[in-house]
Amino acid sequence: MKKTLSVILTLVLIFSVINLGGITAFAENETITDGDYSYRLLDDGTYELLSYDGADTDLIIPSEFRGLPVTVLGVYSCGLCDNLTNVVIPDTITSIGSQCFKKNPSLETVTIPQSVKEIGEGAFSECPSLKRINIENLAVWCEINFGDQESSPFCFASEFYLNGKPLKNVEIPSSVKKISNYAFYSAPIKTLKIPLGVTEIGIGAFVGCKNLTSISLPSSIKSIDRAAFMECTALTEVTIPKGVEIIDEFAFYKCTGLKKVTVPSSVTSVTISSFNSCTSLEELVVLSEANLEFGDLGSTTLTIYAKSGTPTESYAKANNIPFTSILIGDTDGDGSVGISDLTLVSIYLSGKGELTSAQAACADINEDSTVDAFDMFYIDKAIYA
């Protein structure tokens, strides 16, 4: 009996010493407070930051707690910090929770590592002072799962940096296959080049990129999703490559600076609102013979170019829009393919002349979005066939 009592007393003493030394075992889902931070142990043995309640202006979020990595920034975990100006997120973080940085009125700069795979809804909502976003890997950024438009930090930021260097001319890496929904929502970019291999541009991927003046799209794209380029008001010309089949609703809605659009023969569906309110549109060249729904384009200066007898011709006439019939290869628009067309292309390729959007579409026989020597060969072949 005495021996048993002695063992019990010894165990009690050991646990008392452990607790006095600050070494405590915590259960999963239990909130643990450590100074200005609160954490929760996750099922995978890593920690979630539940809240930060400090008054720092420059915050480097801890990468570990009690020797284990911090992998999640919880819902609203860094919100309502009135003094917070700069935030650096460590490369252990894989998930930024919904409304994580919501209502930080002084927040100006955020650095987001390539470890992040998802950013929740409204993560950067109501951060009116947000100015500079720095990321580490453009390919990874394209594939992050963004919860909504306000999960993108660009909803307020006016400066975009890649590894500390300003980025205005964006060339998507060749490893990317799909650009995620809202990935560049309202980003301050000027030019965009998407490589061959990308098959889809997600919902709202480039909404409100008001500085975007030119885009280069590859033939591998099959669909341009809803609102992909909505309100890109600085865009003036878009040639959609052959290969695209679907242009979804609001894809180019309110692109008020857009003057010239070419729709390839591969397109089978244009939603009624895809080009609505493109009020400056002057030339719409439609090579597709499908029954496309263009809706109310909103332009009073528009001329539509398409093949005779197509649904597009019927649309133009039903809406009292000037219509010009085109013939592939007939670059000069005289109704036939001849030497004069070959000459016009030759002058263009020599750098001594220009082609309108309609002329370029007729000259680009192989629809590779480029008028070159191959097209001259095909025109020559058509003349002497």
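Mentor: Rings of Phe, Tyr and Trp (for Trp, the six-membered ring) are paired if their centres lie within 6.5 Å; planes under 30 degrees apart count as stacked, those over 60 as edge-to-face, and the rest as tilted. The structure holds 18 aromatic pairs by this rule. One of them joins Tyr47 and Phe65, whose ring centres are 5.0 Å apart and whose planes stand at 85 degrees, an edge-to-face arrangement. This pair links distant parts of the chain, with Tyr47 in strand β3 and Phe65 in strand β5 (residues 64-65), 18 residues apart. Strands (E, at least two residues) and helices (H or I, at least four) are DSSP runs, numbered from the N terminus. Tyr47 and Phe65 are both buried, where buried means under 20% relative accessible area, exposed over 50%, and partly exposed in between (1.4 Å probe, protein chains only).

The model is predicted: local features need pLDDT of at least 70, side-chain atom pairs count only at pLDDT 80 or more, and totals for chains, interfaces and linings use all residues. Residues are numbered from 1 along each chain as its sequence is written, and side-chain values use heavy atoms, with hydrogens and water left out.

Ring pairs also link a cluster made of Trp141, Phe146, Phe154, Phe160, Phe184, Phe206, Phe229, Phe252, Phe275, Phe294 and Tyr315. Phe206 belongs to the loop between β18 (200-201) and β19 (214-216), and Phe229 to the loop between β20 (223-224) and β21 (237-239), so the pair ties together parts that are 23 residues apart in sequence.

The charged side chains come next. A salt bridge is a side-chain nitrogen of Lys or Arg within 4 Å of a carboxyl oxygen of Asp or Glu, and the count comes to seven salt bridges. In one of these, Arg40 meets Glu48 with the closest N and O atoms 2.4 Å apart. Arg40 is partly exposed at 23% relative accessibility, whereas Glu48, at 9%, is buried.

Lys131 and Glu159 form another salt bridge, at 3.7 Å between the closest N and O atoms. Here, too, distant parts of the chain are linked: Lys131 is in the loop between β10 (118-119) and β11 (132-135), and Glu159 is in strand β13 (residues 159-162), 28 residues apart. Lys131 is partly exposed at 42%, and Glu159 is partly exposed at 25%.

For Glu200 and Lys178, the closest N and O atoms of the salt bridge are 3.9 Å apart. Glu200 lies in strand β18 and Lys178 in strand β16 (residues 178-179), so this pair ties together parts that are 22 residues apart in sequence. Glu200 is partly exposed, with a relative accessible area of 23%, and Lys178 is partly exposed as well, with 36%.

The surface also carries a nonpolar patch of Phe374, Phe377 and Tyr378, with about 340 Å² of accessible area together. Patches are made of residues with over 30% relative accessible area and no salt bridge; like charges are joined within 9 Å, and nonpolar side chains (Val, Leu, Ile, Met, Phe, Trp, Tyr) within 5 Å. The areas come from the Shrake-Rupley method with a 1.4 Å probe, and for residues only the protein chains shown count as cover. Tyr378 is placed in helix α6 (residues 373-383) and is partly exposed at 34% relative accessible area.
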